[in-house]
Structures are given as C-alpha cells and as structure tokens.
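Dear colleague,

Please find below the structure that I am handing over to you. My notes on it follow directly after it.

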Amino acid sequence: SNTTIVTFDNRRLYVPNRKIWQEVIENRSSEAYRRVELKMRISYRQDLDVARERIQEILAASDLILEDPAPSVFVADLGDSWLEIAVWPWATTENWWAAKSGLPGVLKIGLEEAGITMPIPRREITMASDDSDRPTT
C-alpha cells in the first residue's frame with residue numbers, strides 16, 4: 001500500500017509505506033516558525049560592521065521577520081574575493097516562503113544604499129613569456 005502526499009507546490013507523491021517506516025520524515029510545516037537561511041557576499045574592501053548593522057536594520061524593519069528568536073548574522077566563509085555572510089532570521093511558517101524569496105533582493109538594495117557593493121568574481125590570468133623557443137636570426 002502507498003501513502004499519498006500533496007506538496008506545497010501541488011505535486012502528488014505516492015510513497016510506498018515500507019519506505020516511510022524505514023526513512024526519516026521531515027515535516028517543515030508543523031512548527032509555528034522556521035529559520036530562513038540566506039547568504040550575502042561582500043568584498044573584503046567593504047566595512048563588515050557596517051554591512052552587518054545594515055542587514056540587522058533591514059531585518060528589524062521587515063514585517064515578515066520575528067524579533068524572537070533574534071536573527072543571526074555572521075561571517076560563514078572566506079571566499080576567493082568575498083566574505084560570505086550568513087543571514088538567519090526567523091519567520092512564521094506561513095511567511096517563510098515570502099521571506100526566503102523576498103529578502104535577498106531587499107538586502108541587496110539595502111546594502112547598496114549603505115555603500116556596500118556585491119563583489120564580482122574575478123580571475124587574473126598571466127602568461128609567462130619565454131623567448132628561449134624562438135629561433136634566432
């Protein structure tokens with residue numbers, strides 16, 4: 001026998017019951033609130049404290065984000081040409097998707113207004129010049 005699951009995007013899944021009893025099941029809609037996980041990148045030349053303060057201001061001004069639990073904003077990784085900032089605010093389960101899909105654009109605009117720019121990955125290619133293979137005349 002099977003269990004029928006209808007997903008949030010209206011897909012119908014048929015899962016054999018034997019799989020359900022053997023696997024971990026994650027129910028993301030049963031809790032009152034969920035953490036939104038976003039990543040923003042800023043250049044090493046940018047002021048990290050200003051960027052974090054601006055991110056916190058944007059989150060505090062959003063109707064989608066909960067004050068408690070408080071959002072976490074921290075450096076998650078050091079990239080080749082950027083600092084990766086993890087932005088982990090909390091939203092009600094019903095507002096989670098709106099926050100997940102809407103905040104990246106709002107954060108980008110807010111950081112740019114504060115003078116914080118997003119880095120563009122760059123590669124520098126140098127060619128070694130070796131004249132020893134050239135014929136002499």
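Tryptophan 96 is buried, with a relative accessible area of 15%; buried means under 20% relative accessible area, exposed over 50% and partly exposed in between, with a 1.4 Å probe and protein chains only. Please note that this is a predicted model, in which local features need pLDDT of at least 70 and side-chain atom pairs count only at pLDDT 80 or more, while totals for chains, interfaces and linings use all residues. Residues are numbered from 1 along each chain as its sequence is written, and side-chain values use heavy atoms, with hydrogens and water left out.

Over the face of tryptophan 96 lies arginine 34, at 3.8 Å from the ring centre. A charge sits over a ring if NZ of Lys or CZ of Arg is within 6 Å of the ring centre and within 35 degrees of the ring normal. Arginine 35 likewise places its charged end over the ring of tryptophan 88, 3.8 Å from the centre of that ring.

**Aromatic pairs**

Three aromatic pairs are found in a search of the whole structure. Rings of Phe, Tyr and Trp (its six-membered ring) pair if their centres lie within 6.5 Å; planes under 30 degrees apart count as stacked, over 60 as edge-to-face and the rest as tilted. One of the pairs is edge-to-face and joins tyrosine 33 to tryptophan 90, with 5.6 Å centre to centre and 80° between the planes. Because tyrosine 33 belongs to strand E3 (residues 33-35) and tryptophan 90 to strand E7 (residues 90-92), this pair ties together parts that are 57 residues apart in sequence. Tyrosine 33 counts as partly exposed, at 40% relative accessibility, and tryptophan 90 also counts as partly exposed, at 23%. Tryptophan 96 and tryptophan 97 form a tilted pair, 6.1 Å centre to centre with 40° between the planes. Tryptophan 97 counts as exposed at 53% relative accessibility.

The protein has three helices and seven strands, in the order β-β-α-β-β-α-β-β-β-α from the N terminus on. Helices (H or I, at least four residues) and strands (E, at least two) are DSSP runs, numbered from the N terminus.

Helix H2 (residues 48-61) has 14 residues. Its buried residues are Ala51, Ile55, Ile58 and Leu59. They lie on the same side of H2, because they cover an arc of only 100° around the axis, the arc being that of the directions from the helix axis to the C-beta atoms. The face turned away from this buried side carries the exposed residues Glu53, Ala60 and Ala61. The buried residues of H2 pack against strand E4 (38-42), strand E5 (72-78), strand E6 (83-88) and helix H3 (96-113).

At the start of H2, a side-chain oxygen of aspartate 47 comes to within 3.0 Å of the backbone nitrogen of aspartate 49. In the loop between H2 and E5 lies serine 62, which counts as buried at 17% relative accessibility. The side chain of serine 62 reaches the backbone nitrogen of leucine 64 at 3.1 Å.

**Glutamate 113**

Glutamate 113 is found in helix H3 and counts as exposed, at 63% relative accessibility. Its C-alpha atom is separated by 9.4 Å from that of arginine 54, 59 residues apart along the chain.

With kind regards

Key
Expected span 1.5 Å × (residues − 1). Contact = heavy atoms within 4.5 Å. Polar contact = N/O pair within 3.5 Å; in protein donor to acceptor, adjacent residues only side chain to side chain.
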